[in-house]
Protein chains: 2
Amino acid sequence: MGTEDYKKLVRLYIPEPDFVQGEICALSEGQAHYLRNVMRKSAGDKLRVFNGRDGDWLAELEEINKNKAFIKLDHQILEQKSSPDIWVLASPVKKEAFDLMIEKSCELGAAKFIPVVCEHTVVHKINQERLQAISIEAAEQSERNDVMTVEPLIDLKKYLNSFSSERNLIFCIERMDAPNLVETMRKLAKKPLAILTGPEGGFSDSEIDFVKKMQYVYSVSLGPRILRSETALISALSGVQLLS
Amino acid sequence: MGTEDYKKLVRLYIPEPDFVQGEICALSEGQAHYLRNVMRKSAGDKLRVFNGRDGDWLAELEEINKNKAFIKLDHQILEQKSSPDIWVLASPVKKEAFDLMIEKSCELGAAKFIPVVCEHTVVHKINQERLQAISIEAAEQSERNDVMTVEPLIDLKKYLNSFSSERNLIFCIERMDAPNLVETMRKLAKKPLAILTGPEGGFSDSEIDFVKKMQYVYSVSLGPRILRSETALISALSGVQLLS
């Protein structure tokens, strides 16, 4: 089986156990349903699995019925490659746009997503489990072999009060006189990064003051265009990835 | 009325006529419906309009009924600012993702979008009018005062045969040994740009050969991650905008 063929296999995230050749692992009920009813797979079919630690493995469906499925691990086909240590701090926005932010952040390699409530945030409730599932699906469908963690919703200032100075914070603001991302990325200290983007109404003046007083904060503008929240985030994350 | 208040007004694209103070303009049936039934506007309400040439104007609803609405132009509130001369050449993909590509390309300032059929393209039909409407809506909701044009679907090689060497072509390819976008943008001749992204299956070998033989083509990689078509495009366009 060549690399091209591996690419066509269904790829699933199986957080437990550690992968060992010949081991039998149980899939979740949702995965069993997906393989059986959506992908029409049956015993003997091959698939690709990853657990976030052991790279990508080739596996074979051992047994599959209505609610249960078991696979047998064959061998490693790709080494574990960790994603860059980038965190996303972003205000929730309306469902469709926020789902997109989660999906694209995972696809673009972020390690952690922290939904933060800002003064102008309208959405005050998220379904963390649902968002985590979107992140897992995005990892399965891209080729990263770890998964972006989605954290619980937290108040922005409260979160930033405990934010470690071990990490640079890229503060994306609109309509403000701020250096652009390219200049900023050139002068950053070599540290892990976090990106902060706001709700549709932008950050409040008090939030801007608060964030700017923190250490290792770099305010950046994403250009002359006014971008929706989800576009600003995808744009900033793409930029950071291209430039780091 | 201050800048902050202008931002809250409904903003509409009215391609004709040229804007002159005191002039009365007819809105389309769709716009009349939107203002009346969705936004609950009535005569005397203010709005913002642009035609792609004369900047942003303040206007007042003169008359509105079931299918018709007329506005009276007041004065210019923002000068015309043209978007950068960037074209997008991209393979259609499934509806939701392609709609997103159109919306985000407009929001990120592209001037023209040319849907191109590649060998691995699965979708062979687009609704140009519907996509143009998505582009107009994205312009209305961002702050650009021109609109990205959506062209008819055309075969990739056929289109490239008539592609002018007046324009640099950024050729986004996956899994290939290509310089990254940052290095490439540094050494480009100062010319207008086009970005080319492919379908889910990527470009065929014959397409890659074909494109690489053209003049002013710059093959770039968008990083180690495998991105979906829509993410690759948004990422490339964000990068080009940040770097040019």
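Domain bounds are those of an automatic or database domain assignment, and under that assignment chain A is divided into domain 1 (3-78) and domain 2 (86-243). The structure is a predicted model, in which local features need pLDDT of at least 70 and side-chain atom pairs count only at pLDDT 80 or more, whereas totals for chains, interfaces and linings use all residues. Residues are numbered from 1 along each chain as its sequence is written, and chains are lettered from A and ligands numbered from 1 in the order in which they are written.

The C-alpha centres of domain 1 of chain A and domain 2 of chain A lie 32 Å apart. Their contact, where two residues are in contact if their C-beta atoms, placed from the backbone, lie within 7 Å, takes eight residues from domain 1 of chain A and six residues from domain 2 of chain A. On the side of domain 1 of chain A that touches domain 2 of chain A, the largest share, three residues, is supplied by strand β1 (residues 11-13) of chain A; helices (H or I, at least four residues) and strands (E, at least two) are DSSP runs, numbered from the N terminus. That side of domain 1 of chain A comprises four nonpolar, two polar and two charged residues, with Ala, Val, Leu, Ile, Met, Phe, Trp, Tyr, Cys and Pro counted as nonpolar, Asp, Glu, Lys and Arg as charged, and the others, Gly among them, as polar.

Chain A as a whole has eight helices and twelve strands, and its C-alpha atoms fill a box of roughly 60 × 35 × 30 Å along the principal axes. Of the 244 residues of chain A, 41% count as buried, a residue being buried if 20 or more other C-beta atoms lie within 10 Å of its own, exposed if 12 or fewer, and partly exposed in between, with C-beta atoms placed from the backbone. Among contacts in chain A between residues at least 6 apart in sequence, 75% join residues at least 24 apart. L193(A), found in strand β11 (residues 193-197) of chain A, is buried, because 23 other C-beta atoms lie within 10 Å. Residues up to four places away in sequence being left out, L193(A) touches I86(A), R167(A), N168(A), I170(A) and V240(A).

Within chain A, the axes of helix α3 (residues 95-107) and helix α8 (residues 229-243) come within 9 Å and cross at roughly 10°, axes being lines fitted to C-alpha atoms, for helices over the stretch in contact, and angles running from 0 to 180 degrees between N-to-C directions. α3(A) and α8(A) are therefore roughly parallel to each other, a term applied to angles under 35 degrees, while those over 145 count as roughly antiparallel, 65 to 115 as roughly perpendicular and the rest as oblique. In this packing A97(A), L100(A), M101(A), K104(A) and S105(A) of α3(A) meet S229(A), E230(A), L233(A), I234(A) and L237(A) of α8(A), and by class the contact has six nonpolar, two polar and two charged residues.

The contact between the chains takes 23 residues from chain A and 23 residues from chain B. On the side of chain A that touches chain B, α3, α6 (181-187) and α8 of chain A each supply at least two residues, and the largest share, eight residues, comes from α8(A). By class, that side of chain A has eight nonpolar, nine polar and six charged residues. Of the interface residues of chain A, 100% are also interface residues in chain B, so the copies meet through the same surface.

Some backbone features remain to be described. Most residues other than glycine have a negative phi, and most peptide bonds are trans. The peptide bond from E16(A) to P17(A) is cis, with omega near -5°, and P17(A) is found in the loop between β1 and β2 (24-26) of chain A. In chain B, a cis peptide bond likewise joins E16(B) and P17(B), with omega about -10°. R40(B), which is not a glycine, has a positive phi of about 55°; R40(B) lies in the loop between α2 (29-38) and β3 (46-50) of chain B and counts as exposed, with 8 C-beta neighbours inside 10 Å.
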